[in-house]
Structures are given as structure tokens and as C-alpha cells.
Amino acid sequence: MPYMIVHSTMTTITVSGITSNGNHLVFLPSGSRTCGGAAFARATQLGGTISNGAISVQLSTTGLYKTCLSTLANPALDEHFVYLSATQLFVMNGSPLPPS
């Protein structure tokens, strides 16, 4: 099940696993297994740099997002990012359901 956040709300997401502080995560609209547009998205609220095991994002469009990761210090090309197939983010209107 994808992680759910509310659109247009700054949200801090705790990350773990293969990511670490200083890595870059971006969230792009789902639809393909590529990271086209990831380098540009890194400079917007569509992504950022992991700090203290978390990243803060603000996504204004509802829908399902895929995740792309770069371990480079300054990724400047889309090719510097890899698609993370196991990680999805669902941006919704209103409040997310409470955890069960």
C-alpha cells in the first residue's frame, strides 16, 4: 500500500532501507519505470535531500507518485536517478486515514 499524504501540505516522510542522509529522493507522477524529469524535480518541492533520516515534500497535484533515488552529491541528469519500484506515494484531498 502506498504511503499517503495530503496535497499542498508540507509533509515530512521518514525514510529507511537503501537510502541514507545526503541521498536525493524525488516523487514523479506514476506511469513509467523511468526517472525522466527527476533532475529538474529535485530543485522543486517534488523532492529533496534526505536529512536526519527524513525528507520534506509538498505535492500540489493529487494522484499516485513513483520514487526515484540518487546517491550522488549533486545529480544533474535524469540518468543519475534510479527508479524504486517498491516505493509509492499517494497524494490525496483531505486527511489520510489513521494508521490501523
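A: The account below goes from the overall fold to the nonpolar cores, then to the pocket and the loops.

The model is predicted, and local features are given only at pLDDT of at least 70, side-chain atom pairs only at pLDDT 80 or more, while totals for chains, interfaces and linings use all residues. Numbering starts from 1 along each chain as its sequence is written, and side-chain values use heavy atoms, with hydrogens and water left out.

The protein chain has one helix and seven strands, where helices (H or I, at least four residues) and strands (E, at least two) are DSSP runs numbered from the N terminus. Read from the N terminus, the elements follow the order β-β-β-α-β-β-β-β. The C-alpha atoms fill a box of roughly 35 × 30 × 25 Å along the principal axes. The radius of gyration of the chain is 13 Å, which agrees with the value near 13 Å for a compact globule of 100 residues; this radius is taken over C-alpha atoms, and the globule rule is 2.2 Å times the number of residues to the power 0.38.

Of the 100 residues, 36% are buried. Buried means under 20% relative accessible area, exposed means over 50%, and partly exposed lies in between (1.4 Å probe, protein chains only). Among contacts with a separation of 6 or more, 73% join residues 24 or more positions apart, a contact being heavy atoms within 4.5 Å.

Now the interior. A nonpolar core is a set of buried Ala, Val, Leu, Ile, Met, Phe, Trp, Tyr and Cys residues joined through side-chain atoms within 4.5 Å. The largest such core holds 14 residues, and Ile 13, Leu 25, Phe 27, Leu 59 and Leu 89 have the most contacts inside it. Strand 3 (24–29), strand 5, strand 6 (63–70) and strand 7 each give this core at least two residues. Strand 7 has the largest share, three residues. Apart from this core lies another, of eight residues, including Leu 28, Cys 35, Ala 39 and Ala 41.

Leaving out residues up to four places away in sequence, Ile 13 touches Tyr 3, Phe 27, Gly 53, Ala 54, Ile 55, Val 57 and Leu 89. Tyr 3 belongs to strand 1 and is partly exposed, at 42% relative accessibility. Beyond its neighbours within four places, Tyr 3 is in contact with Thr 12, Ile 13, Gln 88, Leu 89 and Phe 90. The C-alpha atom of Tyr 3 is 20 Å from that of Asn 21, 18 residues apart along the chain.

Next, the open space. Strand 2, strand 3 and strand 7 (82–92) each supply at least two residues of the lining, and strand 7 gives the largest share, four residues. The lining has eight nonpolar, seven polar and no charged residues.

The loop between strand 2 and strand 3 holds both Thr 19 and Gly 17. Thr 19 counts as buried because its relative accessibility is 13%, whereas Gly 17 is exposed at 68%. Thr 19 touches Leu 25, Ile 50 and Leu 69, not counting residues up to four places away. The C-alpha atoms of Gly 17 and Gly 63 are 24 Å apart.

Most residues other than glycine have a negative phi. Ser 8, in the loop between strand 1 (3–6) and strand 2 (11–14), has a positive phi near 60 degrees and is partly exposed, at 38% relative accessibility. Asn 52 sits in the loop between strand 4 (47–49) and strand 5 (54–57); its phi is also positive, near 55 degrees, and at 72% relative accessibility Asn 52 is exposed.

Key:
Ala, Val, Leu, Ile, Met, Phe, Trp, Tyr, Cys and Pro count as nonpolar, Asp, Glu, Lys and Arg as charged, and the others, Gly among them, as polar.
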